[in-house]
Structures are given as C-alpha cells and as structure tokens.
Amino acid sequence: MKFQINRSQLIEGVQDVMKAVSSRTTIPILTGIKMVVHSEGMTLTGSDSDISIERLIPMEENGEVNLEVQKPGSIVLQARYFSEIVKKMPNDTVEVEVGERFETKLRSGASEFSLVGLDPEEYPRLPQIEEQNVFSIQGDLLRQIIRQTVFAVSTSETRPILTGVNINLEDNVLSCVATDSHRLAQRTARIESNTEGLSFQNVVIPGKSLNELSKIVEESAELVQIVVTDNQVLFKTKNTLFFSRLLDGNYPDTSKLLPSESKTTLGLSTKDFLQAIDRASLLAREGRNNVVKLATLDNQTIEISSNSPEIGKVYEHVVTESMEGEELKISFNAKYMIDALKAMDCSEIQVLFTGAMRPFLITPVDNEIVKQLILPVRTY
C-alpha cells in the first residue's frame, strides 16, 4: 500500500474514529485504527466493540484532491502513536507506505517515522445492519436532544439499563427519556422524514455512545439517518458511520412518574433562577448531598437558601413571573437543578410542585417538548 494524503483531512478523520478507540480493551488489535485505501478514497475505522466509527475520506471533495494513491491496500496502526505523529508532521501532505510484515513508513517534509503495523485481516468486522427501521433527523436537532437528556443517565452499573437513553418512535413523534432514579429528563420531537408505519419501543442507547456521537454530528440542518435493529443502532452522516450496541433489558415505564396536576406552580426567569441556585450551591457543595432549600415568601418572591454549619449560610431572593397555589418549602440537590435548567433552552420556565416530598416538574412556559423531573431531598 502506498499513497499521499492531505494532512488536515487525515487529522480530522483520525480524531473522529479515535472517539471509539479504548486504551483499556481486552482485544489488543482494537487499540489500533484500521486504514483501507480503495477506489473511492480511504476508510478509517476505530472500535471498542461497544462503539464503532467508520470515516470515509473521499478522493476528491469540493474540487480539492485529498488523496493520491499509487497502490491500494489496508493496515492497522497503533491509534495513540499514529494520531500524535500525524498532528505533528511538518508538511501539508503525508505519505504512507506499507512494506514487508506490515512495517509502515510515514513521511512528511524532512520527517520520517517507521511504525510496526498489525494485520488488517484480524480486525473485527463491523456489524452488518439490515436497513428496515430507518428515519432521518437534522444534525442540530439530534445534538440538542442528546444535550437535553444524556446528562440524566445513571453513572452506576447497579442497574445497567439506566446508563442509557430510552428512545421511542410513534406517530412521527420521537420521545427520548433518561433517568438515574433521582431525576428524569425527557425530550420529544416531531420527525419530518417519511416514517409512516414505523414505530419502535424500548431502544436504549448507552449514554457514553451518545456523548461521543454528539461530538461528531455537525451543528447543521444536514440530515442524519438513524437505523435501528434488535441490538445495534447506526447513525449515518455524509462521510461517517457511527455504530453503537444497544443495552439489554426493559427500560422502566416512566410515563406514570410525570405529575399531571400541581399544588403550587411557579413561573420563573430561567437565567435568574439558575444564577440564584448556582450561588446558593457555593456553600452547599461542601455539605452532604449539595442540598439547597426553596420556600415561597409571598405571592411574588421565593427564597433559595443553603446552610452548611462549618462554613456559613446563604439566602437568595428571586422575584417570580407568576405564582399560583399553596405555600411551599422544599429541598433538592442543587446540581440536579442546575443541570436541568441548563438544558431548558428557553427564557422562562414553569415549575410544578405536588408537595414537599413529591417529585416536581420543570417545563418551558410555552411548550412541553422538554420535561425535567427532580426528586426532592428529605431534610427535616
């Protein structure tokens, strides 16, 4: 194998597939990146057996030549060293030549590296996916959905199913839910692409996979195709395939958790409320559980407070946009509230309380496409 390639294109491709390469894998060849040069360009692959990413660098793009091939072929190179070397090469082009016993030479300007390659035939094959359940979604919307839900997945392996985001599709509406049993984030979105008759339930994608996916998907209206099978999901963009395994098991039915009525409803400025909670949590962080308290004072002011015996106290007063219902005193984890408010993407929110020890709901004032549910903390 022998070819020259545009260095910046190579760096970009390598950085994308590196997101799937793990240094802690039990299969040694998966610490490498597989490169295949063929008639359409070069395909780079990285995998840790949970996530696999395949990235095509086309021969030509937008009238620019990316690749000049003298001899097609394939090789697997150690990802960590290969990515570092490519980043530091002096010239705009890199020449790659594979000789006997997979010895690979990388040349650029006055610099030459020789790396020990691995047999590409030993690299695991990517999953073969039947494209039956397919729908499309805009890249920027997909990123937004991930950002508004994935933070609420569980980080504990005691219930592995909760470490993923549950996605359902019915009547052209995509619903995504994440919960760690202390809080819940839900985002719904209408899918404009032709999904007539397509529906699925209980598709649980690992949170880790979605975090990596959101770094690759571009912030644009370009469509991402999503293919769902029994145990894999595939996200297809222009030059990238992103495979992830799905989590086994039944995701709990969360629809019953969302309250339909409230005893106290607050309308608040998202920014003012977030900043007040953020300041109150400065003293709460040191204490147990990072707890702050919220109390209604009169029909237009609430008090946010925190008390850490060794450090001190803080009181914040926030003027509400509206307040209806009973007086209220409630305590909750400040970090959960901050995460939820940062995911709201709206200037005004309403918070619906059904009692001091019942979960409360946060939604935008003008729609319910985002719902955040938080369990209060017992402090008395």
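This is a predicted model: local features need pLDDT of at least 70, side-chain atom pairs count only at pLDDT 80 or more; totals for chains, interfaces and linings use all residues.
Residues are numbered from 1 along each chain as its sequence is written, and side-chain values use heavy atoms, with hydrogens and water left out.

Two packed helices are described by the angle between their axes and the distance between the axes. For α3 (residues 139-149) and α4 (residues 207-216) the angle is about 145° and the axes are 10 Å apart; axes here are lines fitted to C-alpha atoms, for helices over the stretch in contact, and angles run from 0 to 180 degrees between N-to-C directions. Helices (H or I, at least four residues) and strands (E, at least two) are DSSP runs, numbered from the N terminus. On the α3 side the contact (heavy atoms within 4.5 Å) is made by Leu142, Arg143 and Ile146, and on the α4 side by Leu210, Leu213 and Ser214. These residues divide into 4 nonpolar, 1 polar and 1 charged, where Ala, Val, Leu, Ile, Met, Phe, Trp, Tyr, Cys and Pro count as nonpolar, Asp, Glu, Lys and Arg as charged, and the others, Gly among them, as polar.

We turn now to the strands. An open sheet of 5 strands has the order β7-β1-β9-β10-β11, with antiparallel pairing; two strands pair if DSSP finds at least two bridges between them. Because β7 (67-71) and β11 (111-116) stand at the edges with a single partner strand each, one side of each is left without a neighbour in the sheet. On average, and with direction ignored, neighbouring strands of this sheet are turned by 15° against each other. Within the sheet, β1 (residues 2-6) and β9 (residues 93-98) are joined in the antiparallel sense by 5 bridges, and phenylalanine 3 stands opposite valine 96 in β9. Helix α1 (residues 7-18) lies across these two strands, β1 and β9, and runs at about 90° to β1. Helix α2 (residues 79-88) also packs on the sheet, where it touches β10 (103-108) and β11, and its direction makes about 170° with that of β11.

Elsewhere, strand β19 (residues 240-245) pairs with β4 (residues 51-58) in the antiparallel sense over 5 bridges, with leucine 241 of β19 as the bridge partner of glutamate 54. Strand β18 (residues 232-236) is likewise antiparallel to β19 and joined to it by 5 bridges, and a hairpin of 3 residues connects β18 to β19. In this pair, phenylalanine 235 has phenylalanine 242 of β19 as its bridge partner.

A single residue can show how separate parts of the chain meet. Isoleucine 226 has its place in strand β17 (residues 223-228), and it counts as buried because its relative accessibility is 3%, buried meaning under 20% relative accessible area, exposed over 50% and partly exposed in between (1.4 Å probe, protein chains only). Leaving aside neighbours within four places in sequence, the residues in contact with isoleucine 226 include Leu142, Val233 and Phe235. Isoleucine 226 and glutamate 131 are 95 residues apart in sequence, yet their C-alpha atoms are 9.3 Å apart in space.
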